[in-house]
Amino acid sequence: MSLALIFSGQGAQKVGMGRSLYEGSAAARGLYDEANRVLDWDLKKTSFEGPESELTQTKVCQPALFVHGLAVLEALKEKGKLPPPAFAMGLSLGEVTALTAAGVFDFATGLKVVAERGRLMQLACESTVGGMAAVIGEERAKVYELCQEFDIEAANFNAPGQIIVSGEKTKVDAAVAAAKDRGIKKVISLNVAGAYHSRLMEPARVAFAAYLENVPFGRPKLTVFSNTTGQVVAEPEQIRAALVKQVVSSVLWEDCMRNCVAAGATEFYECGPGAVLAAQSRRTDKSWIVKSFAELAELPA
């Protein structure tokens, strides 16, 4: 078996995530306790108790999902249930989690990186009026045509027939309203705080680039695929540039998954709540083996 670790993106969070890991795994507990020391707010309390309105804030859910993903990984290691992984990748913010799992950062550094990313993206959301929508069952070319016509952007290529568009809310709403006339059967407006992975995140990109200039990057110990290209990234400066670009560019998740399988991955361990990535993988190729782990009871006995 050649194992790939995959980590959740924003939207997977739910109140209570990680509580059983904290209570039943010393390794996971250590990460949560360290996270509370590193941050200036109580990540444990918000993750375990909510309220949901607080956990769903971009500046909160990004570090919360980061810590949860790595807590799952540490609990698997502690139980002796983690085969040596060969690959790591994550959806959007999950890419920082994957890079940390691959040894590019230590835990505290990765947490600070993702917390700053979330803070800056929330500021960008609050200073713009953005929206997103899911286009279901269409080819990329048709979605690109819709984006070009309405001056919006393709934000996420999650799986075949599942593409997310992003941009100014009025323009996204216009695209949703006009989609049927363009031969697109299903477009669903999403309840999001802003236009992630679009040009409306440009202020966050600029500030994040400045922040990352002072962050040391190591070479990954695992093969990592970048959201921005779907290809392998290995050199520290290449990884830094990809993380900056990712804030405003399309997330090529389907490409990452396909290229990881082509590189030899035979099984995926999803570390994060909701089995969201497993569901997307089934839309791409039902033969892929994806096992999802979020809480203590779900870990192999």
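Student: How many residues does the largest nonpolar core have?
Tutor: This is a predicted model, and its largest nonpolar core has 67 residues. Leu-5 and Phe-105 have the most contacts inside that core.

Student: And which helix gives the largest share of this core?
Tutor: Helix α5, residues 58-78, with 11 residues.

Student: What is Leu-5 in contact with, leaving aside neighbours within four places in sequence?
Tutor: Its partners include Leu-73, Leu-82, Pro-85, Phe-87 and Tyr-269.

Student: Which residues are in the second, separate core?
Tutor: That core has 18 residues, among them Ala-133, Val-135, Val-143 and Leu-146.

Student: OK, rings now. How many aromatic pairs are there?
Tutor: The structure holds 9. Take Tyr-22 and Phe-48: their ring centres are 5.6 Å apart with the planes at 55°, so that pair is tilted. Tyr-22 sits in helix α1 and Phe-48 in helix α3, so the pair ties together parts 26 residues apart in sequence.

Student: Is Phe-48 buried or exposed?
Tutor: Phe-48 is buried, because its relative accessibility is 9% and the cut-off is under 20%.

Student: What about Phe-87 and Phe-225, how far apart are the ring centres?
Tutor: 6.2 Å, with the planes at 35°, so this pair is tilted. Phe-87 is in strand β2 and Phe-225 in strand β7, 138 residues apart. Both are buried.

Student: Back to Tyr-22. Which residues does it cluster with through ring pairs?
Tutor: Tyr-32 and Phe-48. Arg-29 also lies over the face of Tyr-22, at 5.9 Å from the ring centre.

Note on methods. Residues are numbered from 1 along each chain as its sequence is written. This is a predicted model: local features need pLDDT of at least 70, side-chain atom pairs count only at pLDDT 80 or more; totals for chains, interfaces and linings use all residues. Side-chain values use heavy atoms; hydrogens and water are left out. A nonpolar core is a set of buried Ala, Val, Leu, Ile, Met, Phe, Trp, Tyr and Cys residues joined through side-chain atoms within 4.5 Å. Buried means under 20% relative accessible area, exposed over 50%, partly exposed in between (1.4 Å probe, protein chains only). Helices (H or I, at least four residues) and strands (E, at least two) are DSSP runs, numbered from the N terminus. Contact means heavy atoms within 4.5 Å. Rings of Phe, Tyr and Trp (its six-membered ring) pair if their centres lie within 6.5 Å; planes under 30 degrees apart count as stacked, over 60 as edge-to-face and the rest as tilted. A charge sits over a ring if NZ of Lys or CZ of Arg is within 6 Å of the ring centre and within 35 degrees of the ring normal.
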